[in-house]
Structures are given as C-alpha cells and as structure tokens.
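Morning, everyone. Please bring up the model on your screens. I'll take you through its sheet.

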Amino acid sequence: MIYAVQPSAWTTFDEHGADYTPTLQGAQTIARQWKAYHGEDTTIWVCGSQSTYPLMRGNVDTVDQIADMLFGC
C-alpha cells in the first residue's frame with residue numbers, strides 16, 4: 001500500500017499528478033506543505049494493488065469530516 005496526495009479540486013484520482021509516499025504520516029506532511037505553499041486543500045488517497053480510493057482530506061483531523069468525505073454523511 002502507498003499513499004498519494006493531490007488537490008481536492010481534482011475530483012478523480014490522477015496517477016500522474018499526485019505526490020506519493022509510503023506512510024500516512026508522510027502524506028499528511030505533504031498535505032500540510034501543499035496547503036502552506038499553494039493555499040489549496042488536498043485529498044490523501046490509498047493506492048493498493050486492486051484499487052485506489054480517497055482516505056481523507058489532507059487538512060482535516062476530525063473523524064466527522066473524514067466520514068463525510070468517505071460516506072457522504
């Protein structure tokens with residue numbers, strides 16, 4: 001499993017435009033840096049051997065907002 005970070009404005013995963021890292025902590029660091037440098041929110045994606053799916057917003061730390069992204073609650 002590997003993590004990818006890209007702007008949240010991109011509604012679908014773009015494998016060529018993402019920044020990759022092997023750890024969730026690394027993805028969160030990339031997301032914070034992206035926000036600081038570009039002022040954009042990001043999405044952290046999980047890239048597995050079978051599928052790729054959005055895990056969380058890079059600038060979000062609360063369970064409610066993560067659940068909203070994943071489940072549309």
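I'll start with the ground rules, then go strand by strand.

This is a predicted model, where local features need pLDDT of at least 70, side-chain atom pairs count only at pLDDT 80 or more, and totals for chains, interfaces and linings use all residues. Residues are numbered from 1 along each chain as its sequence is written, and side-chain values use heavy atoms, with hydrogens and water left out.

Now the terms. Strands are DSSP runs of E, at least two residues, numbered from the N terminus. Two strands pair if DSSP finds at least two bridges between them.

So, what order do the four strands take in the sheet? The order is β2-β1-β3-β4. The sheet is open, and the pairing is antiparallel. β2 (19–21) and β4 (52–57) are the edges. Each has a single partner strand, so one side of each lacks a neighbour in the sheet.

Look at β1, residues 2–7, beside β3, residues 42–47. Six bridges pair them, antiparallel. I2 stands opposite C47. Y3 stands opposite V46.

Last stop, β4. A hairpin of four residues links β3 to β4. These two strands run antiparallel, joined by five bridges. Across that pairing, T43 has R57 of β4 as its bridge partner.
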